[in-house]
Amino acid sequence: MHSVSLDIPVTADSAIVWHDDALYLLDQRLLPRQERFVRCDDAAGTAEAIRAMVVRGAPAIGITAAYGVALAARRRYAADPADWRQHLEEDLQHLAAARPTAVNLFWAIAHCRTLLDGVDGDPFLPLLAEARRMHQQDREMNRRMGALGAALIEPGAAVITHCNAGGLATGGYGTALGVIRAAHEQGRITRVYADETRPWLQGARLTAWELVREGIPVQLMGEGAAAARMAAGGIGWVIVGSDRIAANGDVANKIGTYSLAVAARHHGVKFMVAAPTSTIDPDMPDGSRIPIETRAEDEVLCCAGQPVAAEGAGAWNPVFDVTPAELVDAIVTEKGVIHAPDREKIATLLA
Ligand code: MRU
């Protein structure tokens, strides 16, 4: 997988680009130092880009997979117009195996499967049109969540966010960062404290990059500093995204989110999760059964590719955790806000 330059303006909203009949992904492993893209032409390349975190963030992973299905269908149909469906199913399974926690990946693939059931002839153009529609719809949903979430924020406070739930992690605008963008535009937020988010440093590299470009004051902190920052006062909300919300309102998100929620409740700081309804998994009864991805030990033992830990030490590297619903004050979706989420309120919203 090699990265290339593209002659287009690079913004937080250009993480996923359909260009020159191929899928280009802004290489988020290189940001903020380099703004380069990885080109994907087939399902294997797209799955590898998701696994390697060229593209990351639950909604962005789902949208990328939808484009990946279109790429796969183009190849399979060209190779065997009579018997392409069976081979395409192998590609769908390959894409689904790229990362286990973000339910948007499985949601997008299931959506493409349904569309395929009704396709007669070459499936490429209908699938590409559907991927583009999902991409555009995600941007619109984020705008709606931005407005709904911002309305919950009393003017004058600072907020804390974790990982990156911005334009880069979505089709554009962001979920948690969408709320922050909208609230800042309305003069409700004075400043953002962003957890640096070890080990991938999504906060330091990606969230800070987005907020600086938006002109939103941001201060980075090690996530271990968050409780002390809350104790110091002036924090209104913790605002995060999610990779999967269970039917009872338990929330899986980047490792460290749970400890932020515990600290927030202790300090009387409100805790908001902004996520589209495609992140809610109605088949997952509660958070205890959400598959939590574990990644390589080296991600913790090294920093920016350099070994930092004592030789011989091992590492525990689950990359998500589950925050129990009772610690969540509001889930903001494109369909509305759920205060103090529980099973019944979530079922009502989805119905
Ligand atoms: O491992 P990552 O970078 O894919 O994790 C991303 C997160 O945890 C985000 O908070 C989540 O996907 C929501 S993105 C809108």
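Predicted model: local features only at pLDDT ≥ 70, side-chain atom pairs only at ≥ 80, totals over all residues.

Q: OK, what's the strand order in the seven-strand sheet?
A: The order is β7-β6-β5-β8-β11-β16-β17, in an open sheet with mixed pairing. Strands here are DSSP E runs of at least two residues, helices are H or I runs of at least four, and both are numbered from the N terminus. Two strands pair if DSSP finds at least two bridges between them.

Q: Which strands stand at the edges?
A: β7 (218-221) and β17 (336-339); each has a single partner strand, so one side of each lacks a neighbour in the sheet. On average, neighbouring strands of this sheet are turned by 25 degrees against each other, direction ignored.

Q: And how do β5 and β8 pair?
A: In the parallel sense, over four bridges, with β5 covering residues 157-161 and β8 residues 235-240. Thr161 is opposite Ile239 in β8.

Q: Which strands does α9 lie across?
A: Helix α9 (residues 257-267) lies across β5, β6 (189-195), β8 and β11 (270-274), at about 145 degrees to β11. Contact means heavy atoms within 4.5 Å. Axes are lines fitted to C-alpha atoms, for helices over the stretch in contact, and angles run from 0 to 180 degrees between N-to-C directions.

Q: What about α11?
A: Helix α11 (residues 343-350) lies across β16 (330-333) and β17, running at about 170 degrees to β17.

Q: Switching topic: where's Arg56?
A: In the loop between α1 (43-51) and α2 (58-79).

Q: Is Arg56 buried or exposed?
A: Buried, meaning under 20% relative accessible area with a 1.4 Å probe, protein chains only (exposed is over 50%, partly exposed in between). Arg56 has no salt bridge, and Glu210, the nearest side chain of opposite charge, is 6.1 Å away. A salt bridge takes a side-chain nitrogen of Lys or Arg within 4 Å of a carboxyl oxygen of Asp or Glu; Lys and Arg count as positive, Asp and Glu as negative, and His and the chain ends aren't counted.

Q: Which side chain makes a polar contact with Arg56?
A: Gln28, at 3.1 Å. A polar contact is a pair of N or O atoms within 3.5 Å; within protein, one must be able to donate a hydrogen and the other to accept it, and residues adjacent in sequence count only if both atoms are side-chain atoms.

Terms used. Residues numbered from 1 in each chain as written. Heavy atoms only, no water.
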